[in-house]
Amino acid sequence: MKHVLITGGAGFIGSNFIHYLLRIEPGIHVINLDALTYAGSLENLKDVADDPRYTFVQGDICDTEFVGELLKKYEVDTVVHFAAESHVDRSILGPRQFIETNIMGTFSLLEAARKFWLQEKSLPLENVRFHHVSTDEVFGSLAPGEPAWTEETPYAPNSPYAASKASSDHLVRSYGHTYGLPFTMTNCSNNYGPYQFPEKLIPLIILNALDGKPLPVYGDGQQIRDWLHVEDHCEAIHLVLKKGSIGSTYNIGGENQPANLTIVETICEILDEISANDNHKPHKNLIEFVKDRPGHDRRYDMDTHKISGELGWRPRHTLTEGLLNTVNWYLSHPEWVSAIRQKQEYKGWLDANYKSR
Ligand code: NAD
Ligand code: DAU
């Protein structure tokens with residue numbers, strides 16, 4: 001792992017992963033390929049922009065020729081593929097871009113990698129790796145009491161987002177099986193932490209609460225997600241790159257099962273404790289139950305025995321401590337927050353999703 005192409009490195013998890021990799025791998029060269037959609041921001045990487053081990057390239061993963069040139073130019077031996085449209089609600093309002101980026105984009109990367117590594121045989125095959133970052137949402141939804149998903153659970157995606165990620169997973173697997181492309185894949189649960197775009201539940205609730213705006217809870221708020229701090233996700237991906245077996249997929253999860261309403265109430269309690277602004281206390285009075293997400297998955301739960309047994313990975317952050325440090329991160333980064341709040345795409349999204357809900 002010398003020259004690593006990270007796709008979507010200006011987004012939430014990708015930028016955290018680049019920080020992590022530069023910290024832990026002194027001899028590495030990271031090439032970040034990102035289209036800088038509404039979800040990507042170079043603000044997320046300001047502190048590494050001048051690191052000689054880091055190169056940013058603005059571009060689209062759907063452009064196979066361009067990706068091929070990058071692979072060649074930088075002699076890329078490892079691709080870590082994060083780039084995607086990632087927000088379920090947006091996929092419900094406008095699915096097309098999810099099909100383009102998540103399916104066609106992954107196909108395009110696979111084709112470029114196949115040409116460079118397998119057809120042109122540019123690098124020794126044992127040195128190359130395509131790592132695909134995927135989601136637990138490909139497994140569908142669990143009823144109360146149903147066992148957690150394992151790597152063997154059949155796919156049953158419910159939203160256009162989940163279906164597009166499931167398709168991309170199948171494509172990656174097929175390139176491994178048919179062409180012998182050396183791949184690994186991880187399916188991870190809900191991430192939270194620094195640099196998350198505030199359209200997702202946790203940062204949205206933090207920022208709305210600070211502003212004294214309503215805190216929208218979909219339906220009855222009893223949907224369950226399996227929350228994982230983003231640093232734990234980064235550590236797991238790194239471990240899979242180092243020690244994971246080729247052709248394998250690994251589930252990653254946070255080993256916790258709170259209802260959405262509990263998450264929102266916990267954030268309110270943290271803010272009541274630490275926020276200097278007294279006007280909106282108690283913050284839980286801002287909670288508003290709103291119309292449910294269509295087709296809303298009820299419960300997610302990941303069985304992580306494979307990655308813990310084979311690779312020794314366990315999440316380091318508890319949810320309580322992780323939420324506290326996330327709230328503190330948003331409070332201590334007002335410039336980052338205000339830059340996002342000024343983005344027209346952000347304001348437009350809040351209107352589109354919440355105004356006439
Ligand atoms: P994000 O939306 O924050 O970031 C996505 C990034 O991809 C952005 O920087 C965007 O500019 C870039 N991008 C989008 N289309 C592109 C294109 N055509 N070409 C190049 N770059 C493009 O997403 P995230 O939350 O960081 O998620 C990253 C990956 O992890 C996704 O594949 C997602 O499915 C997966 N995942 C996310 C979570 C989660 O909780 N956020 C959990 C499990 C898996
Ligand atoms: O499970 C992994 C997935 O987690 C990732 O693959 C996705 O990229 C990521 O966006 C996330 O999907 P979710 O739909 O679970 O995340 P979101 O933060 O949008 O919503 C979390 C839960 O909170 C979900 O049950 C919907 C609910 N919710 C969300 C928002 C934005 C609300 O109740 N109110 C809201 O305003």
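The strand β8 supplies the largest share of the shell around ligand 2, three residues. The model is predicted, with local features needing pLDDT of at least 70 and side-chain atom pairs pLDDT 80 or more, while totals for chains, interfaces and linings use all residues. Residues are numbered from 1 along each chain as its sequence is written, ligands are numbered from 1 in the order in which they are written, and side-chain values use heavy atoms, without hydrogens and water.

**Exercise 1. Describe the surroundings of ligand 2.**

Step 1. Ligand 2 is surrounded by 24 residues, a residue being near if one of its heavy atoms lies within 4 Å. The closest are D136, Y161, R293, H296 and Y354.

Step 2. Assign elements, where helices (H or I, at least four residues) and strands (E, at least two) are DSSP runs numbered from the N terminus. At least two shell residues come from each of α3 (88–93), α6 (201–211) and β8 (215–218).

Step 3. List polar contacts, pairs of N or O atoms within 3.5 Å. Oxygen atoms of ligand 2 lie 2.7 Å from a side-chain N or O atom of T135, 2.8 Å from a backbone N or O atom of Y218 and 2.7 Å from a side-chain N or O atom of R293.

Step 4. Taken alone, ligand 2 exposes 690 Å², of which the protein buries 95%; the areas are Shrake-Rupley values with a 1.4 Å probe.

**Exercise 2. Characterise the packing of α11 and α12.**

Step 1. The axes of α11 (residues 334–342) and α12 (residues 344–355) come within 4 Å and cross at roughly 65°. Axes are lines fitted to C-alpha atoms over the stretch in contact, with angles from 0 to 180 degrees between N-to-C directions.

Step 2. α11 is therefore roughly perpendicular to α12, a class that covers 65 to 115 degrees.

Step 3. I340, R341 and Q342 of α11 meet Q344, Y346 and K347 of α12, with contact meaning heavy atoms within 4.5 Å.

Technical notes: Angles under 35 degrees count as roughly parallel, over 145 as roughly antiparallel, 65 to 115 as roughly perpendicular and the rest as oblique. A polar contact is a pair of N or O atoms within 3.5 Å; within protein, one must be able to donate a hydrogen and the other to accept it, and residues adjacent in sequence count only if both atoms are side-chain atoms.
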